[in-house]
Amino acid sequence: MTTQAIIFDFGNVLDFYEELEAWNTRRDALAAQFNLSGKKMWDVFYQGAPWQEVKKGRISYPEFWDRTLTPLGMTDPAAQADFVARLFEGRVQIHPSMEALLRELKPHYRLAILSNTYEVEMETWLVETFGLVDIFNAVVSSAKVGLAKPEPEIYQLTLDMLGIAPDEALFIDDLPRNTKAAEALGIPSIIFESPAQLRHELQERGILPTNQPILYNHQ
């Protein structure tokens, strides 16, 4: 079947961050106050029960951080908010090459977001934060629908919102467990590594012409 729609993950895909080494150094410094490495702290944040709750909309984002940071000894709400602000400073952005790619694809394909996120009203957030107006035909937030990747139901919901069959979609995500779940449903998938790699993959599949320049490629 011909590709009719392209479904993007958001985190580490549309907001791909090239200054990762510098950010990891900052994360390590913030983690040191808990006597943890940056990676171990990240696992505490995003492998624990509070994340499973917030990404399905069962608790609020501030409650997520309270449940996560309080066991580490940070109980003051103001201190928690300051910590989160410092941790994510500079990370809330759309990579210019990814925005350019979305606008290049939009005239030819239906576009969608499928994200495990705490943002319940993600469609509004994308417009108000990044100015992505009239880009997406469907925005599926795990917190809003109470489902999360890699559960098959959230992929099917996205397909239903787009009005397409699995083999008419292309799914892009940075986590192999999520692409494997999509492929098990018959959805062709790409594991995202970088904007340049994704553009090459899309060219290889005939989604993009091969003579297009790679915009904002700083690698």
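Q: Which residues of α1 are buried?

A: This is a predicted model, and in it the buried residues of α1 are Trp23, Arg27, Leu30 and Ala31. An α-helix has 3.6 residues a turn, so residues three or four places apart point the same way. Viewed down the axis of α1, the buried residues fall within an arc of 100°, so they line one face of the helix.

Q: Which residues are exposed on the other side of α1?

A: Glu21, Thr25 and Ala29 are exposed there.

Q: What covers the buried residues of α1?

A: The cover includes α2 (38–47) and α5 (77–88).

Q: In what order do the five strands of the open sheet come?

A: The order is β3-β2-β1-β4-β5, with parallel pairing. The edges are held by β3 (138–141) and β5 (189–191); each has a single partner strand, so one side of each is left without a neighbour in the sheet. From one strand to the next, the twist averages 15°.

Q: How many bridges join β1 to strand β4?

A: Four bridges join them, and the two strands run parallel. Ile6 has Leu170 as its bridge partner in β4. With β2, β1 also pairs in the parallel sense, over four bridges, and there the bridge partner of Ile6 is Leu111.

Q: Which strand pairs with β3 over four bridges?

A: Strand β2 (residues 110–115) does, again in the parallel sense. Within this pairing, Ile113 has Val139 of β3 as its bridge partner.

Q: Which way do the side chains of β1 point, and are they buried or exposed?

A: In a regular strand the side chains alternate between the two faces of the sheet. In β1, Ala5 and Ile7 point one way while Ile6 and Phe8 point the other way, and all are buried.

Q: Which helix lies across β1 and β2?

A: Helix α6 (residues 96–105) lies across β1 (5–8) and β2, and runs at about 160° to β1.

Q: How many aromatic pairs does the structure hold?

A: There are 21 aromatic pairs. One of them, Tyr61 with Tyr118, is stacked, at 3.6 Å centre to centre and 10° between the planes. This pair links distant parts of the chain, 57 residues apart: Tyr61 is in helix α4 (residues 61–69), and Tyr118 is in the loop between β2 and α7 (122–130). Tyr61 is partly exposed, with a relative accessible area of 21%, and Tyr118 is partly exposed too, at 28%.

Q: Why is the pair of Tyr155 and Phe171 edge-to-face?

A: Ring planes over 60 degrees apart count as edge-to-face. The planes of Tyr155 and Phe171 stand at 85°, with centres 5.5 Å apart, so the pair is edge-to-face. Tyr155 belongs to helix α9 (residues 152–162) and Phe171 to strand β4, so the pair ties together parts 16 residues apart in sequence. Both residues are buried.

Q: Which residues form one aromatic cluster?

A: The cluster includes Trp23, Phe34, Trp42, Phe45, Tyr46 and Trp51. Tyr61, Phe64, Trp65, Phe83, Phe88 and Tyr118 also belong to it. Among these residues, Trp23 is one of the buried residues of α1.

Note on methods. Residues are numbered from 1 along each chain as its sequence is written. This is a predicted model: local features need pLDDT of at least 70, side-chain atom pairs count only at pLDDT 80 or more; totals for chains, interfaces and linings use all residues. Side-chain values use heavy atoms; hydrogens and water are left out. Two strands pair if DSSP finds at least two bridges between them. Axes are lines fitted to C-alpha atoms, for helices over the stretch in contact, and angles run from 0 to 180 degrees between N-to-C directions. Contact means heavy atoms within 4.5 Å. Buried means under 20% relative accessible area, exposed over 50%, partly exposed in between (1.4 Å probe, protein chains only). The arc is that of the directions from the helix axis to the C-beta atoms. Rings of Phe, Tyr and Trp (its six-membered ring) pair if their centres lie within 6.5 Å; planes under 30 degrees apart count as stacked, over 60 as edge-to-face and the rest as tilted.
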